[in-house]
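Colleague: I would like to go through this model and ask what stands behind each label. Please give the value and the cut-off every time.

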Amino acid sequence: MQKFGMTLNLKEGEGVIEKYRAHHRAVWPDVISGLKTVGVTRMDIFLRERRLFMYMETTDGFDLERDFPRYMESPRAKEWDALMRTFQEPVQDAAPGEWWAAMEHVFDLNR
């Protein structure tokens with residue numbers, strides 16, 4: 001199992017946070033099955049004001065550079081991603097071209 005922590009922000013604007021929450025209360029089944037197909041075994045997204053934190057667990061062979069593009073080959077995944085990007089924006093210190101900014105894993109209670 002591999003673990004990933006990533007962050008981004010929701011855009012400012014009336015209703016953005018509630019619309020984002022509503023979409024995640026009813027995630028499309030194709031999105032969930034597509035993530036599982038490429039090796040994502042767990043994904044949790046946390047919210048504080050406009051900041052999102054995503055915790056993800058994957059199979060040992062998962063590679064972000066290889067497997068997320070495979071997931072994005074699905075028209076439904078592309079549609080979901082385009083919809084989510086209407087609510088999201090990278091954090092200020094994200095690398096050029098980085099959407100969900102990778103975070104360093106610094107502590108594990110069970111390690």
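Colleague: How many helices and how many strands are there in the chain?

Modeller: The chain has four helices and five strands. Helices (H or I, at least four residues) and strands (E, at least two) are DSSP runs, numbered from the N terminus. Read from the N terminus, the order of elements is β-α-α-β-β-α-α-β-β. This is a predicted model: local features need pLDDT of at least 70 and side-chain atom pairs count only at pLDDT 80 or more, while totals for chains, interfaces and linings use all residues. Residues are numbered from 1 along each chain as its sequence is written, and side-chain values use heavy atoms, with hydrogens and water left out.

Colleague: What makes Y20 buried?

Modeller: Buried means under 20% relative accessible area, exposed over 50%, and partly exposed in between (1.4 Å probe, protein chains only). Y20 has a relative accessible area of 4%, so Y20 is buried. Of the 111 residues in the chain, 32% are buried.

Colleague: Which residues touch the most other members of the largest nonpolar core?

Modeller: They are Y20, Y71 and W100, in a core of 21 residues. A nonpolar core is a set of buried Ala, Val, Leu, Ile, Met, Phe, Trp, Tyr and Cys residues joined through side-chain atoms within 4.5 Å. At least two residues of this core come from each of β1 (2-10), α1 (16-25), α2 (29-37), β3 (51-58) and α4 (75-85). Strand β1 gives the most, with four residues. In soluble globular proteins, nonpolar side chains tend to be buried together.

Colleague: Leaving aside neighbours within four places in sequence, which residues are in contact with Y20?

Modeller: Contact means heavy atoms within 4.5 Å. With those neighbours set aside, Y20 is in contact with L10, I45, L52, M84, F87, Q88 and W100.

Colleague: How many aromatic pairs does a search of the whole structure find?

Modeller: The search finds six. Rings of Phe, Tyr and Trp (its six-membered ring) pair if their centres lie within 6.5 Å; planes under 30 degrees apart count as stacked, over 60 as edge-to-face and the rest as tilted. Y20 and F87 are 6.2 Å apart, centre to centre, with 75° between the planes, and form an edge-to-face pair. Y20 lies in helix α1 and F87 in the loop between α4 and β4 (88-89), so the pair ties together parts that are 67 residues apart in sequence. F87 is at 7% relative accessibility and counts as buried.

Colleague: Why is the pair of F62 and F68 called edge-to-face?

Modeller: The ring centres of F62 and F68 are 6.1 Å apart and their planes stand at 90°, so the pair is edge-to-face. F62 is buried at 4% relative accessible area, whereas F68, at 22%, is partly exposed. F4, F62, F68 and Y71 form one aromatic cluster.

Colleague: How do you know that the charged end of R76 sits over the ring of W28?

Modeller: A charge sits over a ring if NZ of Lys or CZ of Arg is within 6 Å of the ring centre and within 35 degrees of the ring normal. The charged end of R76 is 3.9 Å from the centre of the W28 ring and sits over that ring. Likewise, the charged end of R85 sits over the ring of W99, 4.2 Å from its centre.

Colleague: What makes β3 largely enclosed by the rest of the structure?

Modeller: Six of the eight residues of β3 are buried, so β3 is largely enclosed. T58 lies in this strand and counts as buried at 1% relative accessibility.

Colleague: In what sense do β1 and β3 pair?

Modeller: Two strands pair if DSSP finds at least two bridges between them. β1 and β3 have eight bridges and pair in the antiparallel sense. Strand β2 (residues 40-48) is also joined to β3 by eight bridges, and these two run antiparallel. M54 in β3 is the bridge partner of M6 and stands opposite I45.
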